[in-house]
Amino acid sequence: MRTQTTQSAVADAELYLTLTVAAQACGVPVLVVRDVLGPQTITRIPLAPPEVAGSLNLRGRIVTAVDLRRRLGLPARPVDAQPMSIVVEMAGELYSMLADSVGEVVPLRQDESAANPPTLDPVWREVSLGVHRRDGQLLIVLDVERVLAIGGGR
Amino acid sequence: MDDLLADFLTETNEGLVALDVALLRLERSPQDKPTLSEIFRLVHTIKGTCGFLGLSRLERVAHAAENVLGLYRDGVLAVTPNGVSLILRALDRIKDIISALETNGTEPAGDDGELIRHLDAAAGGEAETPSSQPDEEAAEEFGARAAEPREEALPATRHPAQPVQTAPLRSATPATDTTPEESAGGRAPPQSIRVSVDVLEDLMMLVSELVLTRNQLMQLSRARNDGAYSVPLQRLSHITSDLQDGVMKTRMQPIGNAWAKMPRLVRDLSIELGKKIDLEMRGADTELDRQVLELIKDPLTHMVRNSGDHGLEGPEDRRRAGKSETGRITLNAYHEGGHILIEISDDGRGLSIDRIKQKAVSQGLASESDIAGMSEAEIHRFIFRAGFSTAAAVTAVSGRGVGMDVVKTNVERIGGTIDVSSTEGRGTAFTIKIPLTLAIVSALIVEVAGERFAIPQIGVLELVRVGGGSGSRVERIKDAPVLRLRDRLLPLVSLGRVLGLEEGSRNLDEGGESGFVVVTQVGANVFGIIVDRLFDTEEIVVKPVAPILRHIGMFSGNTILGDGSVIMILDPNGIARVTGVMADGGGSRMDDGKVTSGVRSNEKTALLLFRAGDETPKAVPLGLIARLDDIPVEQIENSGGMPVVQYRGQLMPLLSMTGGFQPQDQERVRQTVLVFSEGDRSLGIMVDAILDVVDEALSVQAGQGRPGFLGSAVVAGRVTDVIDTAWWLRQAGGDWFRPAASSSVTRRLLVVEDSAFFRELVVPALAAEGYEVVAVEGPAEALKLRERGEVFDAIVSDIEMPEMDGFAFAEEVRGGGAWRDLPMVALTGRVEPAAVARGRAAGFTDYVGKYDREALLASLGECFAVPVEA
């Protein structure tokens, strides 16, 4: 299943919010992002899938936090590093993706997107919509829906 | 009609009703300023709103009336009866237009020129001069209203050009002719209004959020201890609570709404099935949350249909059974605590235990040996098992038909419980217990491994502090933690372990860490949840968990606490299920350990398995053991040739099952001891190792005459020696169980008990108390003794027995004969309220649990206390 972002992708540039996960630059369509939050108090949820970091309170709504590092099979975040929360809404539920840092909003042109390189790690390939070259760096566009397809929903 | 207009109409109608009243008041006391202001304000509001909605006719009339009223209010003009009449006419006109609006959604055409001219003239101070004219007109119009046939209104609307003053304004289609006319005619204000469910849901949600925010504020204020805020906060808190109650009330609906279709359903059923059925509904005005009501509707309908279909017999059968031809289904609802109880009962044939047993076995839900150890209530509960009812043939069984498992699931989904009690031949009663509302629940906040969780109060029975010198402690049988609570061993579940938060088991000994046990009831099962700390109870708003977490099954939702943190709400059902505490609904054991002969106990028994001496496992009913202890070997002393230990300030004799105690034999430093207690005395049996605790239907093969053993049984797949506790206890001294001051009168007791195993337990215990005991295997034998003229002082009887059960036996005894007035104590493995009630109805004086020796002795003591004195 493709997300609405790919369907609506036109040749014109779309806006993406950049973020880093373990030094890897990633992008998510700005339209799906509801909030970007600093470090939050996160309640651990026992027995939850390992990718789920817990839940947090966003102005009275409960948001399920998914740690992108764990989701992407990357080493755990250093204890002293505080993650940033990128809050997205999917099927009426709020989720927060925990990233190491959040960058700026950048326009990315669809026609500049490259397909996933065949050598890309399968975990990454599962959630990647394509790769962009930006400032001499590779930026992976994340398919939010697939990133959040964990636990009982997989 | 769009929402805006609908709202306007509702509001204006209310305003008009108020206006009528106010105007009449004004007429009586023309100088009443507040009334004048009120009238002005009402008309002004109408004018303002219709201007906004583009209702020009209304606006013009209202505007003209407002002008006059403004002058009245400001005292420029004196209020005259004519003036009031004029205003009333204007109001009538407004009402007419409004009623047309209600029917057609648009303003009717018509000319208000003359009325407005009169109003304007009045405003200009000329009201007095043409006094006769408006008066007449008003009279004429009012007269016309009453006399004119309504039909005329309709053609008039079709000719909007006609400058007719009276008729077109009251245009109404014949189909709806009564309502608009009447409501516009100034009838009493309606006592209820329609509000869309969405609005109520939104309100509820907002109130929920408000409650959370209030909690948050309260917590902050407590932490800061800021006096300036505390008073207004207190008020805010009260108002929030009141608001919450108020909004809850708007969601409440009488359960009768869900029952409305039942009479029809029952009538159709009775015709279809050729049965005569009476439906009795009690407590139809009991209110519960709309959401709950919706969810309970279908299960209720289903159950009533079942009662009619399977529960009640046909007229022929009923007559044969000596009942009235007309069967009766009773629906009863009432509040109890924060719950609503709904009973669906019938006076039909009841559940057939034998048929359920057959079905359960044939469908592989349980083995015969499982069933042999079950109480009636447990067997009844098979009807809730998935798979029990799906097979087509089952509907022919006299039990309940399709889908009781679905009913149970639905009820449990909304946090409710369902139970069944039935007497064969007399009828069946289902009891559903559901929370009043789902939105806001009271929950206990607990902490384990540094994390907080909420446990809904509904299932919490009590809280027990354990360890840390609190007197009670968590004991361990093999790896299973248990708590002895008022002479009952309570299975415990460590929340930390269940949730995977802690690995090892913590030491909650007397000297160890302290913790708490939340005693929880799920269905008929009671178990304890071990937690580290307890906090307050808090009103929480249950929010569903995210879809990616729904599979966990331990949580019924999550919520935000007063301090703003997110907390998971535990689902006791889920915990019970995952840990296997719950007996029914879970997977069934399918061991085919067929036992052909020998003694069997009626009940599934929790057995402690241990090793002592040889390798054969030994078993003893867990209920007989007071404690398990590890005693340092160096503390074991010798007194009079018997090992003893100082235990809780007393000397406790220790028995060895291998004959003699050799402290040096195995280089052990601690000796495991099963402790039996009686008052302040204790006795220990030394064992080598505790193996396990199992819940088994005990089938004891006839013993080989070894002293100290009742025989062997297959327990957990191994041949196990079942020890004769009474024999071992006697080894500690004949008078061990004898009370210090034994009564001088010897009472003679009759014990009716089919299981040799339990006879072996009960008889010595009673004999030790100084009773003379005669034990028989069943009611038939007991009744023979009665015929022979044997005399007893009391009867102790089992309930579940083959051929004639305890209830029937009690009825027989009470029915007449020499034993009619004897005290009768029922002994059963399951002390459930329903069973107790039934036992009392059958004639039992008291009802005690099988292992509850003390309760039995106390009960007997009570039985004799009165007659001795008398």
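## Chain B at a glance

Buried residues make up 40% of the 870 residues in chain B, where a residue is buried if 20 or more other C-beta atoms lie within 10 Å of its own, exposed if 12 or fewer, and partly exposed in between, with C-beta atoms placed from the backbone. This is a predicted model, in which local features need pLDDT of at least 70 and side-chain atom pairs count only at pLDDT 80 or more, while totals for chains, interfaces and linings use all residues. Residues are numbered from 1 along each chain as its sequence is written, and chains are lettered from A and ligands numbered from 1 in the order in which they are written.

The secondary structure of chain B comes to 26 helices and 34 strands; helices (H or I, at least four residues) and strands (E, at least two) are DSSP runs, numbered from the N terminus. Among contacts in chain B between residues at least 6 apart in sequence, 65% join residues at least 24 apart. Two residues are in contact here if their C-beta atoms, placed from the backbone, lie within 7 Å.

## Chain A at a glance

Chain A has four helices and ten strands. Along the sequence they follow the pattern α-β-β-β-β-β-α-β-β-β-α-β-β-α. Of the 154 residues of chain A, 37% count as buried. Residues 24 or more positions apart account for 55% of the chain A contacts with a separation of 6 or more.

## Strand β7 of chain A and its partners

Let's look at one strand of chain A. Strand β7(A) (residues 93-99) is mostly covered, with five of its seven residues buried. One partner is strand β5 (residues 61-67) of chain A, which pairs with β7(A) in the parallel sense over four bridges; two strands pair if DSSP finds at least two bridges between them. In β7(A), Y95(A) stands opposite T64(A).

Strand β6 (residues 84-90) of chain A also pairs with β7(A), here in the antiparallel sense over seven bridges. S85(A) stands opposite L98(A) in β7(A). A hairpin is formed by β6(A) and β7(A), with two residues between them, and A91(A) in the turn has a positive phi of about 50°.

## Where the chains meet

How many residues of chain A are in contact with chain B? There are 21, and they are in contact with 22 residues of chain B. On the side of chain A that touches chain B, β4 (52-58) and β5 of chain A each supply at least two residues. β4(A) gives the most to that side, with four residues. By class, the side of chain A that touches chain B has ten nonpolar, nine polar and two charged residues. Ala, Val, Leu, Ile, Met, Phe, Trp, Tyr, Cys and Pro count as nonpolar, Asp, Glu, Lys and Arg as charged, and the others, Gly among them, as polar.

## Nonpolar cores

The largest nonpolar core has 116 residues, and those with the most contacts inside it are V66(A), I86(A), M97(A), L142(A), L570(B) and L608(B). Such a core is a set of buried Ala, Val, Leu, Ile, Met, Phe, Trp, Tyr and Cys residues joined through C-beta atoms within 7 Å. Not counting residues up to four places away in sequence, V66(A) touches several residues, including V52(A), Y95(A), M97(A), L98(A) and I150(A). Apart from this core lies another, of 40 residues, among them L288(B), I340(B), I383(B) and M404(B).

N306(B) lies in helix α13 (residues 290-311) of chain B. Why does N306(B) count as buried? The reason is that N306(B) has 26 C-beta neighbours inside 10 Å.

Five strands of chain B form an open sheet in the order β31-β30-β32-β33-β34, with parallel pairing. At the edges stand β31 (772-776) and β34 (846-849) of chain B, each with a single partner strand, so one side of each is left without a neighbour in the sheet. Neighbouring strands of this sheet are turned by 20° against each other on average, direction ignored. Within the sheet, four bridges join the parallel strands β30 (residues 748-752) and β32 (residues 794-798) of chain B, and V751(B) stands opposite V796(B) in β32(B).

Helix α24 (residues 806-814) of chain B lies across β30, β32 and β33 (824-828) of chain B, running at about 155° to β32(B). Axes are lines fitted to C-alpha atoms, for helices over the stretch in contact, and angles run from 0 to 180 degrees between N-to-C directions. α24(B) packs with helix α25 (residues 833-842) of chain B at an angle of about 25°, with their axes 8 Å apart. The two helices α24(B) and α25(B) are therefore roughly parallel to each other; angles under 35 degrees count as roughly parallel, over 145 as roughly antiparallel, 65 to 115 as roughly perpendicular and the rest as oblique. F807(B), A810(B) and E811(B) in α24(B) meet R838(B), G839(B) and A842(B) in α25(B). By class, this contact of α24(B) with α25(B) has three nonpolar, one polar and two charged residues.
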